[in-house]
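Dear colleague,

Please find the structure below, handed over for your use. My notes on it follow.

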Amino acid sequence: MKIVALCGAGIGTSEILRVNAVRALARLDIEADVSASDVAGVGAAAADAQVILTSPELVSAIGRTNADVVVIENYFDLDEITAKLEIAVG
Amino acid sequence: MTYQMPPLDQLPDAAIALRRPAGDWRSAVLCAAEALTASGAADPSYGERMIAMIQEYGPYIVIAPGLAMAHARPGPDVHAPGLVIVTLEEPVSFGHAYNDPVSVVIGIAATEADQHVASVAALANIFNDETVIPALAAASDTDEVRRLLAAASHPDLG
């Protein structure tokens, strides 16, 4: 399974989200390839992704996708990320 | 791609700015730019580029309650990888759907497009503890900030 963590510039925030998504997936005992991308690269990065993790502001920038777009409110809240990923991949 | 930043509990004084007066989110971002400039990571123009990111994409950089992570893409105005911590005298609103108002701003500068802050896992360790943001906001000196970052960055949180 492929998961993309998305932010505006591809530095900093998307990496925080990627690191915490990996931790959440470990809790769920799910194996996945989690990468970080910026908005400009999301078309290519998420072409075969099952899930895109992002913040509410960036949803409209994603465009057409077959992936489940999962909005994360608090990038540091492992409980939130785990619960939302469990629904998205379950 | 990784690069070396000082460990967060060894951030120099120039990279920590406490209780800055900021009337709005733009001023708050410019405070982070000032600290990045003072610590030698970037030119003052980087502040305008961080503001432009928010104007273009919205306040997505407010990634947890009370915490904004200001940054822009690499550019000629970035001289070295940098990370600064700014606390605000009064919290300001960025217009975020869930996480306003902001009292702590982290400023990040990177010199290459595929660079990630090497200490990002440490950042995650620190801020996974939800008590750290208000504690940082209340810190009165730079040693206290380093102590909070050191206490929270020990990976025994799992």
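Before the details, some conventions. This is a predicted model, in which local features need pLDDT of at least 70 and side-chain atom pairs count only at pLDDT 80 or more, while totals for chains, interfaces and linings use all residues. Residues are numbered from 1 along each chain as its sequence is written, chains are lettered from A and ligands numbered from 1 in the order in which they are written, and side-chain values use heavy atoms, with hydrogens and water left out.

Confidence

The predictor gives the complex an ipTM of 0.82 and a pTM of 0.88. The mean pLDDT of chain B is 88, and 88% of the residues score at least 70; pLDDT is the predictor's confidence in each residue, from 0 to 100. Where pLDDT is low, the predicted coordinates should not be read in detail.

Chain B

Chain B has five helices and five strands, in the order β-α-α-β-β-β-β-α-α-α from the N terminus. Helices (H or I, at least four residues) and strands (E, at least two) are DSSP runs, numbered from the N terminus. Of the 158 residues in chain B, 54% are buried, where buried means under 20% relative accessible area, exposed over 50% and partly exposed in between (1.4 Å probe, protein chains only). Among contacts in chain B with a separation of 6 or more, 72% are between residues 24 or more positions apart; contact means heavy atoms within 4.5 Å.

The interface

In all, 30 residues of chain B are in contact with 25 residues of chain A. The buried area between the two chains is about 2300 Å², with 66% from carbon and sulfur atoms; this is the accessible area (1.4 Å probe) that two parts lose on being put together, summed over both. On the side of chain B that touches chain A, the elements giving two or more residues are helix H2 (45-57), strand S2 (62-64), strand S3 (67-71) and helix H3 (120-127). H3(B) gives the largest share, six residues. Six of the eight residues of H3(B) are buried, including Leu123(B), Ile126(B) and Phe127(B).

Backbone points to check

Most residues other than glycine have a negative phi, and most peptide bonds are trans. A cis peptide bond joins Asp100(B) and Pro101(B), with omega about -10 degrees; Pro101(B) is in the loop between strand S4 (82-92) and strand S5 (102-109) of chain B. Asp29(A), not a glycine, has a positive phi of about 60 degrees and lies in the loop between helix H1 (13-28) and strand S2 (33-38) of chain A. Asp29(A) counts as exposed because its relative accessibility is 72%. Arg19(B) also has a positive phi, near 55 degrees, but is in strand S1 (residues 16-20) of chain B. With a relative accessible area of 42%, Arg19(B) is partly exposed.

Kind regards
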